[in-house]
Amino acid sequence: MKTIIFIFILITIITSTPSTCSDALTMQECTSIINGIHECIWYENQCQFKTCQNSQIPCDGQVYQGELCSNTKQGCQSVKQCSDIDNQESCSILKPQGIECYWDQSCIIKNCSHNTKSNCKLTNDEKCIYQNQKCSSINSCSDIFEKSSCLVSQIQGLTCIWMNDRCITNSCKAILTKEECFQSVRNSEKCFFTQNKDDTNYCLSCSQLTEQCQCNQYKLFGCEWQIDSCQEVSCNTYLNEKQCADDKECIWYKPMNKCLTIEEALNNDRACDIYISSQILNICTLLILIILW
Ligand SMILES: *[C@@H]1O[C@H](CO)[C@@H](O)[C@H](O)[C@H]1NC(C)=O
């Protein structure tokens with residue numbers, strides 16, 4: 001009985017409302033279609049999918065059929081790039097494919113040099129810093145030569161620090177005390193203090209050693225010469241259980257048959273727990289549905 005009622009309701013829903021725009025024969029039917037994905041519009045005596053081209057101005061920022069609309073001199077049009085926009089206002093509002101535009105007699109792709117001091121920040125994935133009275137594009141910490149800009153640079157994904165009147169990447173080398181050095185990790189490498197007999201010691205990490213003999217000297221801290229650079233050997237370079245077990249930092253992770261750091265192994269266990277509980281939840285939901293039916 002329940003099944004029959006259900007099927008009856010389903011058929012009623014399906015047959016009583018037009019489900020795509022072209023099924024609607026009157027303006028009223030056309031505007032009442034809401035199928036959750038497409039809007040319809042009554043245009044040239046037909047019910048059509050709403051698009052930028054058949055919409056009315058103002059339409060800046062509307063999206064129909066996956067296309068971004070802009071007001072233009074020809075009415076509402078879809079735009080794919082900054083240069084498709086023909087007026088200053090739309091140019092400053094719209095971001096075709098996520099790209100910021102800038103109006104300079106025509107609509108062009110914005111870059112650092114178009115920013116003022118107050119909005120000199122990440123622009124279309126370019127890092128921008130205000131120095132020498134203009135907003136300019138930079139790649140690394142060493143491109144920055146003012147202290148105040150150096151210190152705010154991490155907002156844009158650089159980690160710079162100011163040392164000896166220069167802006168430098170915040171690597172192990174920038175750490176001054178032995179204690180802090182041994183507790184620090186920079187760019188996912190552990191820092192360690194050099195072991196020279198005199199007092200010229202400083203903080204560094206494996207990848208900063210450029211000579212093989214120096215690299216070998218710091219085996220104790222996990223450095224190993226590989227092809228042409230010094231690398232920190234991490235657990236996943238051990239391919240068997242025995243080698244893995246010999247390193248106190250590592251653990252042989254049975255589910256993957258791999259050598260992982262203790263932290264990686266714990267994270268994997270957690271992900272596994274979440275997967276199992278979501279599967280249990282799914283089965284319970286299914287059972288409840290079957291019972292209720
Ligand atoms: C920024 O755009 C201008 C055009 O307005 C261009 O002349 C300049 O080369 C661009 N700068 C960069 C860094 O791409």
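**Pockets and cysteines**

Mentor: Happy to. The largest pocket holds about 700 Å³ of space. This is a predicted model, in which local features need pLDDT of at least 70 and side-chain atom pairs count only at pLDDT 80 or more, while totals for chains, interfaces and linings use all residues. Residues are numbered from 1 along each chain as its sequence is written, and side-chain values use heavy atoms, with hydrogens and water left out.

A word on terms before we go in. On a 1 Å grid over the protein atoms alone, a pocket is an open set of points where a 1.4 Å probe fits, with protein on both sides within 12 Å along at least five of seven lines; lining residues have an atom within 4 Å of a point. Grid points are joined across faces, edges and corners, and a volume is the space filled by probe spheres set on the points.

By type, the lining splits into 12 nonpolar, 5 polar and 9 charged residues (nonpolar: Ala, Val, Leu, Ile, Met, Phe, Trp, Tyr, Cys and Pro; charged: Asp, Glu, Lys and Arg; polar: the others, Gly among them). At least two lining residues come from each of β13 (189–190), β16 (223–226) and α8 (262–292), with helices (H or I, at least four residues) and strands (E, at least two) taken as DSSP runs numbered from the N terminus. The largest share, 4 residues, belongs to α8. Because domain 1 (171–233) and domain 2 (242–293) both contribute to this lining, the largest pocket lies between them; the domain bounds come from an automatic or database domain assignment.

The second largest pocket has a volume of about 230 Å³. Among the residues lining it are Lys-117, Cys-120, Tyr-130, Glu-146 and Gln-156. Here β8 (127–131) and α4 (147–152) each provide at least two lining residues, and the lining divides into 6 nonpolar, 3 polar and 3 charged residues.

On to the cysteines. The whole structure contains 16 disulfides, each a pair of cysteine sulfur atoms within 2.5 Å. In one of them, the sulfur atoms of Cys-21 and Cys-40 are 2.1 Å apart. The torsion about that S-S bond is about -80°, so the disulfide is left-handed. Cys-21 sits in the loop between α1 (2–16) and α2 (27–32) and Cys-40 in strand β1 (residues 40–43), so the pair ties together parts 19 residues apart in sequence. Both Cys-21 and Cys-40 are buried (buried is under 20% relative accessible area, exposed over 50%, partly exposed in between, with a 1.4 Å probe and protein chains only).

Cys-172 and Cys-191 are also joined, S to S 2.1 Å. Their S-S torsion is about -75°, so this disulfide is left-handed. Cys-172 counts as buried at 1% relative accessibility, and Cys-191 counts as buried at 4%.

For Cys-181 and Cys-203, the sulfur atoms are 2.1 Å apart, but the torsion is about 85°, so the disulfide is right-handed. This pair links helix α5, which holds Cys-181, to strand β15 (residues 203–204), which holds Cys-203, 22 residues apart. Cys-181 and Cys-203 are both buried. Cys-213, by contrast, is in no disulfide, and the nearest cysteine sulfur, that of Cys-215, is 9.4 Å away. With a relative accessible area of 55%, Cys-213 is exposed.
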